[in-house]
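Welcome, and thank you for taking a look at this model. Please keep the sequence and the 3D view open while you read.

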Amino acid sequence: MNVIYCVEDDESIRELVVYALKNNGFDSKGFESAEGLYNEIQTRLPDMILLDIMLPGDDGYKVLKNIRETSNTKDIPVIMLTAKNSEFDKIKGLDMGADDYISKPFGVMELVSRVKAVLRRSVKSEKIENQICVEELCIDVEKHIVLVNNVEVNLTFKEFELLHYLLKNLNIVLSRDSLMNAVWGTDFEGESRTVDVHIRTLRMKLGDAGRIIQTIRNVGYKIGG
């Protein structure tokens with residue numbers, strides 16, 4: 001049974017979410033603040049965390065940052081649940097490593113469906129030391145090899161680095177600027193559309209597997225989901 005923690009300071013929302021998750025077969029537990037979450041994950045790691053942004057003490061962004069920077073929690077899927085629903089807030093949360101973003105007010109059935117979808121995506125991915133595989137695509141980081149259905153695909157250095165960065169951040173939407181900074185470096189003076197050109201070439205070279213690179217309108221790209 002998947003374990004899901006919900007960090008939400010509004011008691012009525014927290015109890016509703018926990019109740020709905022339990023009714024759908026999850027082992028769910030709610031916390032009013034980040035402190036409760038931090039204490040609980042010392043004894044039991046969850047399979048997913050639902051995280052409000054406006055919390056007493058550490059806010060949701062700080063909690064997300066701590067989760068992603070801690071070795072035993074960095075791969076736990078996180079869905080942001082928040083009334084802060086501007087495009088800026090969504091991009092900020094996703095760029096920091098959130099796997100999905102649900103704006104309040106939300107429907108309980110939609111929430112449960114999104115939880116199941118993120119869990120399915122996290123199970124699909126398989127990371128083995130220096131290898132990352134998603135569906136028919138595998139890359140060997142150490143050997144710098146890309147395989148699609150066990151057939152090697154020749155990529156340029158930047159194409160490989162771009163694909164590797166997308167795979168390292170599986171299920172996370174990455175903006176064009178964040179991809180530029182990660183792959184080309186902050187000193188690169190080219191336009192962010194450089195990313196679009198490389199993504200287009202990458203999809204062509206990957207053939208059918210190119211479909212796993214998703215375009216997120218007005219934001220950027222992601223692999224997974």
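N169 is buried, since its relative accessible area is 18% (buried means under 20% relative accessible area, exposed over 50%, and partly exposed in between, with a 1.4 Å probe and protein chains only). N169 sits in the loop between α6 and β11 (174-175); helices (H or I, at least four residues) and strands (E, at least two) are DSSP runs, numbered from the N terminus. Its side chain reaches the backbone oxygen of Y165 at 2.8 Å.

Some notes on reading the model: this is a predicted model, in which local features need pLDDT of at least 70 and side-chain atom pairs count only at pLDDT 80 or more, while totals for chains, interfaces and linings use all residues. Residues are numbered from 1 along each chain as its sequence is written, and side-chain values use heavy atoms, with hydrogens and water left out.

## How α6 meets α8

How do the axes of helix α6 (residues 157-168) and helix α8 (residues 193-206) cross? They come within 10 Å and cross at roughly 90 degrees, and α6 and α8 are therefore roughly perpendicular to each other. Axes here are lines fitted to C-alpha atoms, for helices over the stretch in contact, and angles run from 0 to 180 degrees between N-to-C directions; angles of 65 to 115 degrees count as roughly perpendicular, under 35 as roughly parallel, over 145 as roughly antiparallel and the rest as oblique.

On the α6 side, the contact is made by K158, E159, L162, L163 and L166; α8 brings V195, H198, I199, T201, L202, K205 and L206. Contact means heavy atoms within 4.5 Å. By class, this contact has 7 nonpolar, 2 polar and 3 charged residues, where Ala, Val, Leu, Ile, Met, Phe, Trp, Tyr, Cys and Pro count as nonpolar, Asp, Glu, Lys and Arg as charged, and the others, Gly among them, as polar.

## The nonpolar cores

A nonpolar core is a set of buried Ala, Val, Leu, Ile, Met, Phe, Trp, Tyr and Cys residues joined through side-chain atoms within 4.5 Å. The largest one has 29 residues, and L137, V146, L163, L166, L206, I213 and I223 touch the most other members. Two or more residues come from each of β7 (131-134), β8 (137-140), β9 (145-148), α6, α7 (176-183), α8 and β13 (220-223). The most is given by α6, with 5 residues.

Not counting residues up to four places away in sequence, L166 touches L174, L179, I199, I213, Y221, K222 and I223. A second, separate core of 23 residues includes I53, L94, Y101 and V173.

I102 lies in strand β5 (residues 100-103) and is buried, with a relative accessible area of 2%. Leaving aside neighbours within four places in sequence, I102 is in contact with I79, M80, L81, T82, L111 and R114.

## Backbone points to check

Most residues other than glycine have a negative phi, and most peptide bonds are trans. The peptide bond from K104 to P105 is cis, with omega near -5 degrees, and P105 is in the loop between β5 and α5 (108-124).

H144, in the loop between β8 and β9, has a positive phi of about 60 degrees although it is not a glycine. N171, in the loop between α6 and β11, is not a glycine either and has a positive phi of about 75 degrees. Are these residues buried or exposed? H144 counts as partly exposed at 36% relative accessibility, whereas N171 counts as buried at 4%.

Notes. Polar contact = N/O pair within 3.5 Å; in protein donor to acceptor, adjacent residues only side chain to side chain.
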